[in-house]
Structure formats: structure tokens, C-alpha cells
Amino acid sequence: MVKSHFYFKPLHQNSVYNFGSIFVYQNMLQITVIMKKQFLSLLFLIVSITMYAQVSLKGTIIEQSSNKPMQYVPVALMKGETPVKSIISAEDGSFKLDKIDIGSYTLKISFMGYTTINKKITISGKNPHVDLGSVFLADDARALKEVEVVAQAPQVKFEPDKKVFSVDQTMAASGGSATDVLQNIPSVSVDNSGNVSLRNNSNVVIWINGKPAGLTDDNQGEVLDQMPAGSIQSVELITNPSAKYSAEGSAGIINLVMKEDRKAGIFGNVSSGLIYPAKGKLGENEGANINFTAGKFDGYVTLGFRNYNYGTDATVNRYYYNSSNMLRYTLYQQSKQRNDLEGFMTRYGVNYHPDRKNTIGISGFVISGSRDGTNNLDYLKDSAATTLSDYYRTNTSNNHRTGGNTVLEHSLQLDKKTELNSSLSYSFFNSDADATYIQGVNQGVASTLNQKQKTTGNNKSAELKSDFSKKFHEKNKLETGLDIALQDKTSTSNSLNFEDSTYQSMPLLYNDYEYKSQVYSLYGTYSTSINKLSIQTGVRGEYIVIDNSTNGVNASTKKYLKPFPSVFLSYSLPNKNEIQLNYTRRINLAKGRQLNSYKDVSDSTNISYGNPDLKPEYLNSFELNHIKTWDKNTLSSSLYFHSTENVIQQVSFLNQGVLNTTYMNVSRSESTGLEIIYQNSMARFMNFTTTLNMYYRKLLFSNLTLSDGQTIPVNGSDNFSWTARLIANFLFSKTLSGQLSGNYISPQAINQGQSEKQYYMDLGLKKTLFKRKLTLALTVQDVFHTRKTVNTTSSTKFEQYYEAVPLGPTCRFTVSYNFGTNNEKKKKNNKKNNLEDNNTNDDNSSEEF
């Protein structure tokens with residue numbers, strides 16, 4: 001082809017157009033345009049792929065049994081055995097992993113006490129924002145039952161502000177009471193009188209389902225003894241409560257979470273058992289529990305009856321000195337106390353769910369019981385091996401108590417981020433006691449007497465509570481609320497002396513005591529997180545009014561307006577480590593027997609009474625917590641420091657040769673402690689929970705002046721002591737399990753003296769039959785009969801040695817049977833990628849996103 005050239009005169013005289021060049025230029029221009037379009041398309045594709053490669057993955061972790069969000073759950077995106085991305089869930093259970101590359105991964109969600117989720121997923125880049133919806137974690141024990149894997153469920157679960165101990169994993173749950181359960185909870189101790197302590201501090205508040213339920217120092221022993229252990233799901237220890245909680249109780253809060261299973265259908269269990277205390281009478285325990293769900297209603301009824309006998313032998317040696325510190329005489333006392341307890345308790349609850357946003361419920365319990373006892377005392381008073389007097393005293397008592405608690409609740413879920421919970425509760429506890437004291441002479445000089453005493457008590461309380469929470473974005477949350485708590489308590493005691501063939505009133509021993517308290521509270525907390533740091537700050541304001549009077553006189557009104565701040569910091573470290581630092585200020589109000597000036601003369605050689613002039617204790621508490629989690633082990637350590645003002649203690653002194661015991665504000669104390677809890681699942685058939693609590697306490701010196709001018713020195717003291725507890729669970733087969741619990745308490749300082757070491761061991765066996773419908777349980781408490789209380793006390797002019805020994809081991813054998821139809825279907829989430837049905841140890845299926 002011959003290329004032709006054509007020329008023409010252009011508009012511009014110096015320009016010449018070449019039509020052949022134009023043809024080539026036009027083709028090049030077309031090619032350039034096409035290449036530009038292809039380049040832009042390629043660039044758009046690259047940008048799109050890059051944008052879609054930066055995939056985010058989010059979801060919300062929900063506890064399957066309670067349907068509540070779970071905080072601080074480790075979430076990891078694994079590439080083989082290597083974590084590519086990891087995070088812990090927020091307070092509302094949400095989590096989000098950003099900047100995920102395209103590829104195949106395993107999503108691992110694990111939390112101690114729950115079944116680990118291992119879910120294979122593929123990120124393809126189709127969706128830049130993947131929402132898994134709700135991810136349900138099932139309790140380990142439930143999951144193990146479903147997949148028929150032989151393993152032991154953990155004893156304890158660690159949560160940010162509390163430790164949760166499973167009662168189902170405690171053999172005391174078989175035929176025992178709430179008292180038996182608490183005796184097997186780490187850091188909790190219960191003495192022979194039923195007094196509960198947490199970390200060696202008796203100023204602890206006991207709640208039921210997150211509310212006080214009217215339990216006080218005067219009635220909690222009776223209520224806990226009558227509450228069947230089998231009705232308790234778990235025990236929560238809140239050692240440093242935030243401003244959201246009541247500021248009362250310097251040791252913290254023990255919350256008993258009751259069973260409220262809400263599976264569809266009608267189901268429950270019945271139980272029957274025998275209780276045999278060594279050297280005592282054969283007792284029994286009976287129980288029944290029925291749960292139901294019908295449409296928008298669900299509810300439960302629990303019945304429990306206990307009848308048993310127990311006793312204690314005690315020795316008291318008291319040495320009296322003159323002003324020259326020379327021994328004047330010695331009083332030896334032997335006592336044999338025997339008690340018969342019978343109690344009935346029923347729990348009930350009904351919830352109505354009119355729609356998804358509202359839940360209305362009513363729940364409560366009623367108790368009725370009696371405690372009859374005898375206490376035979378022998379006294380020997382001598383001087384220089386010469387008997388001055390030898391006499392006896394017999395005390396008999398008949399006590400009857402009734403009480404109950406009712407709670408009306410309403411929960412409103414305004415939206416996914418806003419919630420309002422309100423409750424109104426009312427409690428009543430009435431007691432009626434008759435006692436007779438007869439004293440006679442064996443040898444020497446001593447008085448004889450025949451006295452009667454009748455005591456009645458009434459305790460009423462009411463509480464109105466409302467809590468509002470609002471979440472802003474994903475990391476910020478505001479909580480506010482109000483709380484009004486009212487209490488009215490009366491106690492009347494009338495004593496009679498047998499004279500001239502008739503009982504005559506003793507005006508000097510008459511007592512009519514009334515105590516009223518009003519507590520008005522407002523609180524606010526704000527939570528946020530910055531990367532791996534979580535922060536919660538709050539303050540609670542309480543206006544407290546206390547009125548108390550004795551016999552219509554000595555009336556006093558005390559008012560307190562105090563702020564109680566709290567700060568909680570939490571930082572997530574690599575490799576499943578968590579560090580928490582918190583501070584709270586709390587109060588311990590004097591109450592009950594501490595304020596009542598009534599004189600207890602059941603022991604004529606040791607008269608005890610309260611002090612209406614007591615001031616509240618104030619506590620500043622600091623805690624540094626660390627939690628380290630492995631696949632099969634968890635280590636929790638807590639370093640704590642408590643500084644207490646106006647410490648309330650029992651003080652003993654001699655008054656006209658008779659020992660008097662009362663309560664006084666003695667000084668200021670400081671306590672430092674380290675608590676370590678190590679949970680080790682050595683194998684599927686065995687796990688251990690070991691607790692070690694070491695603490696150092698320092699009490700500053702003070703001089704106390706009595707109303708008669710007598711000065712009592714309270715010596716400054718410091719003491720290091722420790723406690724250790726081991727709970728070992730064994731699974732011998734799919735249907736046979738066992739538990740061993742060992743406890744040791746070192747010598748420790750007490751009021752004006754020291755208590756000696758204490759140690760004991762409990763054993764238990766459990767056998768299930770007929771697909772776990774029938775359960776046989778055998779438990780033995782204090783196997784080697786070593787659980788005794790020994791202490792020594794002293795002050796000016798006297799020294800005392802005290803020893804109390806229970807009669808021996810207590811054996812319980814219980815049979816329980818589960819019944820009913822359970823038509824529960826697994827919950828379904830409307831979201832296509834819901835992970836509820838993937839709660840297995842290993843899910844080999846894969847989902848693509």
C-alpha cells in the first residue's frame with residue numbers, strides 16, 4: 001500500500017496538515033483512551049479489593065443460661081496455632097476485630113467455666129463489615145452433658161468485679177444448707193455460732209439474688225440454716241463493690257444466686273435425705289422444686305424442710321488477779337450445749353413477658369422454724385487449791401422464728417443501648433423466745449436462782465430501687481440510680497425471778513429496744529475504654545438517719561451525709577492476662593446487738609450488752625487484681641489494702657468481780673493481704689481449686705474510758721496470719737464423682753487476744769443413675785473431728801482460755817430425682833451467621849463472609 005500525502009492551506013498560514021499523520025494520531029488517541037479506561041478499571045479493582053481486604057468482624061457474646069452479655073471474654077482470630085487478631089469483649093459483651101486480611105481462619109472464643117468455641121471461617125472480601133450477631137457461650141457442665149464427654153466442670157468463674165463459685169460442683173449442695181455451702185467457699189468462713197466472715201472480716205453483707213432480702217446479723221444464721229443448698233445456683237463474692245452498690249459492709253458482699261431455670265415445659269426434682277451428727281440424733285431433710293414455662297409466663301416453686309440436732313462442748317478457764325497482779329482465784333467452767341433445729345422454707349417466683357421489651361416479676365421466700373436447746377454448765381471456783389464454790393446452771397430455751405421477703409420487679413429494655421430496672425421489696429422477720437435459768441449449789445458458797453426470760457423481736461424493712469443504664473457508641477456507658485431503704489426493728493425482753501412460790505417481775509432486767517434506719521442514696525457511674533484500657537468512675541451519695549432508744553429513754557438520733565467514690569481500672573495484656581486496679585470507700589454501721597444496751601445474763605459470770613453510742617466504721621479499700629488464663633488453668637491474684645477508722649470491737653473488763661463484755665470504738669486499723677486462687681484442670685477426670693489468703697493486720701494502741709471512770713487499755717498489735725483451702729474434684733466414671741475439701745486457718749489476732757490454728761477436712765461422693773435422673777449423694781463434714789475453736793484473751797485483772805469442740809463429724813445421705821418434660825428448642829437468631837449452634841469444642845464446618 002502506497003501512502004498518499006495531501007496538503008491544504010490551513011487557517012494559520014504557517015501551519016500545514018498531513019492527513020496521513022492525522023489518521024495515525026487518531027488511532028493512537030483511541031488506544032490511549034482505551035488504556036486509560038482499562039487502567040482506571042484496574043485501579044478501581046485494586047482499590048476495591050484493598051478496601052474489602054480491610055474486613056472488620058464483630059459480634060456480641062451472650063451467656064446461654066441467663067441470656068445476659070459477658071464481659072472480658074477473650075476472642076482470638078487464629079491462623080493455625082498463631083493468633084492474628086485478639087481482643088476481649090466489652091461490658092455489653094460486644095467485640096470487634098479490624099483490618100482482617102482475606103483468608104481462612106479459626107475464630108476462638110474461650111472463657112473459664114464455659115465451652116470453648118472453635119469456629120472455622122473464611123474471609124472472602126464480599127462484605128467489609130461482618131456481623132456475627134449473638135454468640136452464645138454454654139456452661140461447661142451443660143455442654144459436657146450434651147456431647148457425652150467425661151470431664152469435670154470448673155469450681156470458679158472469674159468476672160471483672162466478682163468471683164462466681166458454682167454450688168453444683170460443691171458436695172455440700174446435696175442435703176446441706178446455705179451455711180454448709182458458704183463453709184466451702186474460698187475466703188469465706190462460718191463460725192460455730194453461724195457468723196459469716198469474708199477475708200477474716202465479719203462486716204460482710206449477705207444478699208439473695210442481688211438484694212439484701214432483710215438479712216441482718218440477728219437473723220442471717222437462722223435463714224442460712226433453713227435455706228436448702230440445692231436451691232442455690234452459685235455464690236458471688238464482691239470484695240470491693242463499686243458506687244452502684246450499697247456502701248454498707250466493709251468486707252464486701254456475698255450474693256447467693258438462686259436457681260431459676262427457664263426451660264420450656266414443666267420439670268423439677270424431689271429429694272429426701274438423712275442427717276446424722278456424731279453423738280446426736282438422726283435428722284432429715286426433704287425438698288422439692290418445680291419449674292414451669294407457659295407462653296409469656298415462667299415461674300418456680302421450691303420447698304425445703306430440715307430437722308436435725310447438733311451440739312458443742314466448751315471449756316472456759318478464767319484467772320482473776322488483784323491490783324498487784326497476783327492471782328486471786330480461778331474459775332473453771334464446763335458446758336454442754338445441745339440444740340434441736342426444725343425449719344421449713346419455701347421460695348416462689350413468677351415472671352411475665354408481655355413483649356420483648358418488658359418483664360414483670362414477683363418473687364420471694366417464707367421461712368418458719370424453731371430452735372430448742374439446753375445448756376448445762378458446771379462451775380468450780382477455787383483459790384490456792386481450795387474450793388470456794390462448786391455449782392451448776394441449767395439453761396433451757398425455746399425459740400420460734402417466722403419471716404419472709406417479697407420482691408416486685410420490672411425490667412424495661414427501651415432499646416439495645418438503654419435499660420431501666422426497678423424493684424420494690426419488703427421483708428419481715430419475727431422471733432419469740434422463752435428461756436429458763438436454774439442455778440443450784442454442789443459445794444461451798446454460791447447463790448441459787450430460778451429465773452425466766454421472754455424475748456420478742458420484730459424486724460421490718462422495705463427498699464425501693466431504680467437503675468438506669470445508657471450506652472453511648474460502643475465504648476461508653478452511663479449508669480445512674482436511686483435507692484431508698486427503710487428498717488424498723490424492735491426487741492422486748494421481760495425477766496421474772498421465782499420468789500415466795502411465784503415468779504415476780506425484775507424491772508432492772510426489763511428491756512424495750514427500738515432501732516430505725518433510713519438510707520437515701522443516689523449514684524452515678526461512667527465507663528469507657530481506650531484501646532486496651534477500661535475505666536469506670538463513680539460516686540454514691542448516702543444520707544443516713546439512725547434512731548434508737550432503750551426503754552423509751554436514752555433516745556438518740558444520728559445523721560450522716562457522706563460521699564462514697566469508686567474508681568476501677570482494667571488493662572488487657574497479651575497472652576490472656578488482665579490487670580485490674582480499683583478503689584472504693586465504704587461504711588459499716590453499728591446495728592442490732594451492738595447498739596442494744598440490754599444485758600444478757602444467760603451466763604452469770606459473763607454479762608454482755610451493746611453500746612448505743614457507737615460510731616460507724618469507715619473503710620478505704622484498694623485492690624490490685626491480676627488474672628492469667630490458660631486453656632486448662634486460671635490464676636487469680638488480689639493484693640488488697642484496707643484502712644479502717646473507728647474500729648468496732650468487743651471489749652471485756654471486770655465490773656465488781658464479774659466479767660462484762662460490750663462493744664466500743666477502739667482505734668484505727670490497717671490490713672494488707674494477698675489472695676491467690678489457682679484453678680487447675682489436670683485432666684478431664686480431675687481438677688483442683690486452691691486458695692491461699694495471707695494478710696497482715698495492725699491495730700493502733702488506744703485507751704478506753706468507761707462511764708464509771710475505769711480505763712481499759714487496748715494494746716496496739718500487729719499480726720500476720722494466713723488461710724489455705726483445697727477443693728479437689730474427681731470423676732471416677734461418667735456417673736460417679738467425688739470431692740475432697742481441706743481447710744487450714746493459722747493462729748491470728750482477735751479482740752484482746754489470739755485464736756489458735758484450726759483445720760478440718762470434708763469428703764463427698766455422688767452417684768447418678770438412669771441417665772442422671774436419680775442422684776445418690778453421701779457427704780461427711782469434719783472427717784477427723786479436728787474443727788475446734790480455741791482462743792485466749794486478757795485485760796487488766798483477768799486472763800481467759802476458751803475452747804469449743806463440736807460433738808463430731810456430721811454425715812448426710814441424700815437421694816434426689818429429676819422429673820418432667822422439657823420441650824425447649826434451641827434459640828434461633830434471625831441473623832444468618834448466628835453462632836449459637838456452634839458451641840462445641842471443635843466445629844469443622846466453615847462459613848464464608
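Why does D92 count as partly exposed? Its relative accessibility is 25%, and partly exposed covers the range between under 20% (buried) and over 50% (exposed). Bear in mind throughout that this is a predicted model.

**Stop 1: D92.** Select D92 and look at its setting. The residue sits in the loop that joins strand 4 (82-88) to strand 5 (94-100). Now show what surrounds D92. Beyond its neighbours within four places in sequence, it contacts T60, P69 and K471. Pick K471 and draw a distance. D92 and K471 are 379 residues apart along the chain, yet 8.7 Å separates their C-alpha atoms.

**Stop 2: the whole protein.** Zoom out and colour by secondary structure. Of the 849 residues, 48% are buried. Among contacts with a separation of 6 or more, 65% link residues 24 or more positions apart.

**Stop 3: the largest nonpolar core.** Select L182, V196, M227, V235, I254, L256 and F365. Within this core of 32 residues, these have the most contacts. Elements giving two or more residues to the core include helix 3 (178-182), helix 4 (220-226), strand 14 (232-238), strand 15 (252-258) and strand 20 (358-383). Centre on L256. Leaving out residues up to four places away in sequence, L256 touches A178, L182, I206, W207, I208, N209, L224, M227, S234 and V235. Then select I61, V75, Y105 and L107: they are among the 22 residues of another core, which lies apart from the largest one.

**Stop 4: T315.** Go to strand 18 (residues 297-321), where T315 is found. Which side chain makes a polar contact with the side chain of T315? That partner is Q334, at 3.2 Å. T315 is in contact with Q333, Q334, Y801, Y802 and E803.

**Stop 5: S721.** Move on to strand 39 (residues 717-731) and select S721. Its relative accessible area is 1%, so S721 is buried. Show side chains: that of S721 makes a polar contact with that of N719 at 3.5 Å. Beyond neighbours within four places in sequence, S721 contacts N693, M694 and Y695, along with S746, P747 and Q748.

Terms used. Residues numbered from 1 in each chain as written. Predicted model: local features only at pLDDT ≥ 70, side-chain atom pairs only at ≥ 80, totals over all residues. Heavy atoms only, no water. Helix = DSSP H or I, 4+ residues; strand = E, 2+ residues; numbered from the N terminus. Polar contact = N/O pair within 3.5 Å; in protein donor to acceptor, adjacent residues only side chain to side chain. Contact = heavy atoms within 4.5 Å. Buried < 20%, exposed > 50% of the residue type's maximum accessible area, 1.4 Å probe, protein only. Core = buried A, V, L, I, M, F, W, Y, C linked by side-chain atoms within 4.5 Å.
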